[in-house]
Amino acid sequence: MVGKLTDDRVASASRVPGILGKSPWSTPNEELQFSLDAIDDKPHGWSGSEAADWGNRLETAILIEGSKRLGLGNVETEFERAVIHDKIPLQASLDGLGEGDGRVITAAKTSIDGIYVVGADEIKLEGIGVLEAKLTRDRPESEPALHRGPIQLQAQMMCLPRAVRWGAIMVLYGGVELRIFLYPPHPGTMTAIKDA
C-alpha cells in the first residue's frame with residue numbers, strides 16, 4: 001500500500017460518491033470546497049481515522065486472498081502514481097489490478113462461495129480487472145452500499161488507459177468474513193460520473 005496518489009485539486013475515484021451525493025461523509029458542495037481549498041493551498045484538516053488506518057494496513061492481505069479465491073494471476077498491489085482519465089479531470093489511486101483466466105462466474109451460483117455478481121447475469125474474468133479492497137465493521141451484505149466501492153470502482157475503470165471488462169470489490173466484514181463483489185462496467189454510472 002503506497003497510499004493516496006491523487007491530486008486534491010481534481011476529482012478522484014474515492015471522492016466520486018460524495019460528488020454524486022451518495023456518501024454519508026461528504027456532500028457535493030463539500031467535495032467542491034475540498035478541491036478549491038487545495039487549489040488555494042489551504043490545509044484540509046482531515047488526518048484519517050483508526051478504521052481507515054486498519055483498512056490501509058490490511059489492504060494487501062485482502063487483495064491477495066480475494067485474488068486467490070478468484071484464481072487471478074499477475075496481481076499488482078503497488079503503484080507509483082495515480083491513473084488519470086485522458087479527457088475529464090478525474091484520477092484514481094488503485095488498490096490493485098489482477099488478470100483473469102477467462103473463467104465465467106454466474107450470478108446464480110456465486111453467493112455460496114462468498115462471491116457475488118452484481119449488475120449482470122455473469123462475469124467473465126478475462127483480461128485485466130480493477131481490484132478494490134474495503135474493510136468495514138458493518139454486517140455482511142449481498143451488495144455493498146454505493147459509498148463502499150461500487151461508484152469508486154466504476155470511476156477507476158474509467159481512468160485506466162486500456163479497456164477493462166470487470167472489476168472486483170473485496171470487502172472484509174468485521175475482520176472475519178471476506179466477500180467479493182464482481183461488476184461489469186456500467187455505462188449509466190460512468191455517464192453520471194462524467195457529467196458530475
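## Report on a predicted protein model

Asn74 is part of strand S2 (residues 73-76). Helices (H or I, at least four residues) and strands (E, at least two) are DSSP runs, numbered from the N terminus. The model is a predicted one, in which local features need pLDDT of at least 70 and side-chain atom pairs count only at pLDDT 80 or more, while totals for chains, interfaces and linings use all residues. Residues are numbered from 1 along each chain as its sequence is written, and side-chain values use heavy atoms, with hydrogens and water left out.

Asn74 has a positive phi of about 50° although it is not a glycine. Asp41, also a residue other than glycine, has a positive phi near 60°. Asp41 sits in the loop between helix H2 (28-39) and helix H3 (50-70). For accessibility, buried means under 20% relative accessible area, exposed over 50%, and partly exposed in between (1.4 Å probe, protein chains only). Both residues are listed below.

| Residue | Phi | Relative accessible area | Class |
|---|---|---|---|
| Asn74 | about 50° | 58% | exposed |
| Asp41 | near 60° | 69% | exposed |

The protein has five helices and nine strands. From the N terminus on, these elements follow the order β-α-α-α-β-β-β-β-β-β-α-β-β-α.

Three of the strands form an open sheet with the order S1-S4-S3 and mixed pairing. Its edge strands are strand S1 (11-12) and strand S3 (83-84), each of which pairs on one side only. Two strands count as paired if DSSP finds at least two bridges between them. S1 and strand S4 (residues 90-92) run parallel and are joined by two bridges. Ala11 stands opposite Leu90 in S4.

As to the overall dimensions, the C-alpha trace spans about 50 × 35 × 30 Å along its principal axes. The radius of gyration is 16 Å, which agrees with the value near 16 Å for a compact globule of 196 residues. This radius is taken over C-alpha atoms, and the globule rule is 2.2 Å times the number of residues to the power 0.38.

Of the 196 residues, 45% count as buried. Among contacts (heavy atoms within 4.5 Å) with a separation of 6 or more, 69% come from residues 24 or more positions apart.

The protein exposes about 10600 Å², of which carbon and sulfur atoms supply 50%. Accessible areas come from the Shrake-Rupley method with a 1.4 Å probe; for residues, only the protein chains shown count as cover.
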